[in-house]
Amino acid sequence: MPALSLEQVRNLCMRRGFVFPGSAAYGGLGSFWDYGPLGVEMLNNIKQAWWHDAVYERDDMEGVDAAILMSRKVWQHSGHEATFSDPLVDCKACKSRFRADHVPLPPIGDPLREEVRRHAASNGAGGEPAVWPTRWDGEELVVSDETGDRRFSEDDQRRVGLVHKLIPCPKCNEFDWTEPRNFNLMFQSHVGPVAAAAGTDEEKAARVYMRPETAQGIFMNFAHVQRSMARKVPFGIAQIGKAFRNEITPGNFIFRTREFEQMEIEFFIKPEQYVQEGEKTDEQWHQEWIDRRFHWWLKLATPPSAGNQEMEEIEQRFRKRAQTADELAHYAKATTDIEYLFPGSLGWGEIEGVANRTDFDLTAHSKDIPEDDLKRLKLEDNKDSNEKFDYFDPDAKKRYVPWVIEPSAGVTRAMLTFLCEAYDEEFVKEPSKQDIDQIKSDAAMIKNNAEKKIKQAEKDIAAGKEAKHDPVQVREFLDKLEDVVTRLPESLSEVLLTLDHPGAQNLEPVKKFRPPTEKFMDEISRTVLRLHPRLAPIKLAVFPLKKNNAGLVELAQKIQRTFQKRFRTIYDDSAGIGKLYRRQDEIGTPYCITVDFESLEDGTVTVRERDTMSQERVPVDTLHDYLLPRLELG
RNA sequence: GCGGGUGUAGCUCAGUGGUAGAGCAUCACGUUGCCAACGUGAUGGUCGUGGGUUCGAGUCCCAUCACCCGCUCCA
């Protein structure tokens with residue numbers, strides 16, 4: 001069973017060297033994370049597996065590694081400077097937060113709506129709200145400026161209406177809004193020494209953005225790659241690299257961070273109007289990449305030990321979801337997300353987007369954009385570019401700007417996905433009936449006590465006093481506990497988790513119950529990461545059965561050294577054999593080798609498999625052939 | 001940014017104004033022949049940070065930072 005809460009995965013990551021909080025010595029820095037010895041191995045393994053699938057195994061793909069910092073003009077023409085931002089307002093009354101451009105206007109016919117319109121019209125430029133950029137949408141949006149030349153689109157009305165507090169909060173119907181604030185999600189810096197104040201020409205000329213996506217670096221290199229590698233469309237370019245977004249709300253561990261790593265492909269194809277009989281359309285290419293990428297996720301989420309039933313269960317935690325029209329980014333014709341069912345409150349989360357970006361980007365970066373393309377793509381003419389990103393198709397004898405299919409995934413988010421899926425707490429000993437009864441009676445005690453606390457809290461609240469407990473939360477906790485207890489012993493793994501419920505806080509019997517239960521759970525269970533061997537940070541661990549026997553130690557170290565030339569290995573003799581196995585289980589090491597006294601006589605060792613804990617005697621000189629196919633490297 | 005919660009040893013946590021604790025982990029010695037063994041001892045904390053109240057603060061107050069949950073977001 002995969003992780004039940006993100007907390008479990010987080011815990012394991014920090015304890016065992018996958019992920020550490022960034023800048024920890026100085027109290028940390030909002031949602032930046034460092035990757036430890038095992039984390040960096042796993043990230044590398046993910047990237048390698050992706051690169052292998054995206055580049056090596058295809059004959060229509062190339063790779064690049066573009067600079068993180070690019071000309072500001074790249075981001076102006078890609079649309080990111082203007083639209084890669086979210087205008088937000090808060091309702092001060094009910095504390096709800098909305099995207100300013102998503103707040104519904106009062107319905108047509110509502111007098112309020114007329115008032116909004118009147119206000120917008122009469123105020124003119126003078127009453128213009130502190131202008132905050134909203135989502136430009138080609139002809140639909142009207143630019144407000146000093147000339148007063150504008151039309152009042154829905155968005156303008158909304159903008160004015162919000163600032164003048166003429167639109168009610170859709171939740172509580174109050175008119176108490178904060179100033180809409182616009183967050184551009186790009187980090188800024190400057191190239192060279194700049195002393196000029198923000199907003200001046202000098203400052204703007206030196207300004208650069210940390211790239212919010214690696215994609216633009218690929219577009220910049222489309223023509224280079226096409227010419228230098230003599231490629232014909234269709235072909236694609238892959239890139240792995242860091243990207244930066246000043247997210248308003250990062251969080252959920254490494255799910256959303258402000259610095260992250262992307263694995264992106266831009267696959268260049270014929271525009272739809274030139275596709276001939278028997279050739280793949282943009283929609284077919286799109287679907288092909290969706291399926292290929294989906295398969296990649298499933299393959300690496302499934303350990304070789306999985307049976308049919310496990311495979312079915314894993315499949316149910318992955319899905320494809322086509323984005324609706326209003327979700328689409330400014331550049332996309334269609335996007336299908338691949339989503340994973342993360343544990344706990346996170347739920348379904350996007351792990352990859354496969355977008356049909358048409359010729360939006362390449363056209364936007366081209367000089368002298370034809371009139372009809374400007375209109376169709378809602379672009380501004382590009383006088384800044386030196387390049388025309390078109391391509392002469394020798395077969396079709398046509399010159400065109402290729403369309404592009406973009407599969408785009410996050411490396412760090414992939415790591416979280418695979419960790420959540422691989423995480424398992426498994427019982428290795430049957431819990432006795434006494435143990436179960438003990439838990440049941442403890443739970444009854446907790447319930448008894450909590451009922452009293454609820455009554456007390458309700459009394460306090462009725463008397464207008466501050467209550468020590470939130471009766472609703474405590475009740476919620478009790479319901480959860482009750483549910484878990486009635487399903488014992490199947491639900492054993494959920495017992496401790498239940499105690500993390502906010503309603504369980506400050507309940508005396510809960511505090512007493514936790515330590516012995518934790519100890520008991522430790523005794524009867526093991527934590528194991530059922531990672532695909534390709535993703536496992538450590539591929540092999542070698543132990544001597546006894547560390548105070550020189551012969552065993554020597555042979556074990558010799559075996560370890562043989563394999564460390566091929567992949568990441570570990571030698572360990574710092575504990576009893578059972579504990580050594582458990583340690584490796586917890587970090588997902590697929591195979592352990594134990595050297596015992598028999599090994600010294602007949603040259604065989606015990607190979608122990610992670611998922612099944614099964615053991616096999618294997619001659620030392622055939623270990624290589626035994627392990628390599630099972631590790632599925634390459 | 002807003003609301004709620006949390007912050008004590010490497011980890012999990014106890015400690016409700018009066019001498020900073022437990023289990024696990026780590027290290028040393030002894031013991032230990034395949035799935036989280038045991039004994040003895042040791043190391044380790046200016047209680048997130050900065051102010052304040054008090055004879056005295058881990059505990060009360062204020063500020064601040066980080067993390068968690070929700071709003072939000074989308075790789």
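These legends accompany close-up views of a predicted model.

**View 1. Inside the largest nonpolar core.** Welcome to a core of 60 residues, where Phe18, Ile46 and Phe418 have the most contacts. Helix α10 (residues 282–301) supplies the largest share of this core, nine residues. Look for Phe418: among the residues it touches are Met42, Ile46, Trp296, Trp297 and Leu535. A second, separate core has 24 residues, including Ile439, Val485, Val510 and Met521.

View 2. Find Thr336 in strand β13 (residues 334–342). Is Thr336 buried or exposed? With a relative accessible area of 11%, Thr336 is buried, because buried means under 20%. Its contacts include His286, Ile290, Lys320, Arg321 and Val354.

**View 3. A salt bridge between Glu213 and Arg357.** The two side chains meet at 3.1 Å, N to O. Glu213 sits in the loop between β9 (207–210) and α8 (215–220), while Arg357 belongs to strand β14 (residues 347–358), so the pair ties together parts 144 residues apart in sequence. Both partners are buried: Glu213 has a relative accessible area of 4%, and Arg357 has 0%.

**View 4. Asp337 meets Arg321.** Here the side chains form a salt bridge of 3.6 Å, N to O. Asp337 is buried at 2% relative accessibility, whereas Arg321 is partly exposed at 25%.

View 5. The closest N and O atoms of Arg487 and Glu494 are 3.0 Å apart in their salt bridge. Arg487 is partly exposed at 32% relative accessibility, and Glu494 is partly exposed at 22%. Elsewhere, salt bridges that share partners join Asp424, Glu426, Arg526, Arg530, Asp585, Arg608, Arg610 and Asp611 into one network.

Terms used
Residues numbered from 1 in each chain as written. Chains lettered and ligands numbered in written order. Predicted model: local features only at pLDDT ≥ 70, side-chain atom pairs only at ≥ 80, totals over all residues. Heavy atoms only, no water. Helix = DSSP H or I, 4+ residues; strand = E, 2+ residues; numbered from the N terminus. Buried < 20%, exposed > 50% of the residue type's maximum accessible area, 1.4 Å probe, protein only. Contact = heavy atoms within 4.5 Å. Core = buried A, V, L, I, M, F, W, Y, C linked by side-chain atoms within 4.5 Å. Salt bridge = Lys/Arg side-chain N within 4 Å of Asp/Glu carboxyl O. Lists of a residue's contacts leave out its neighbours within four places in sequence.
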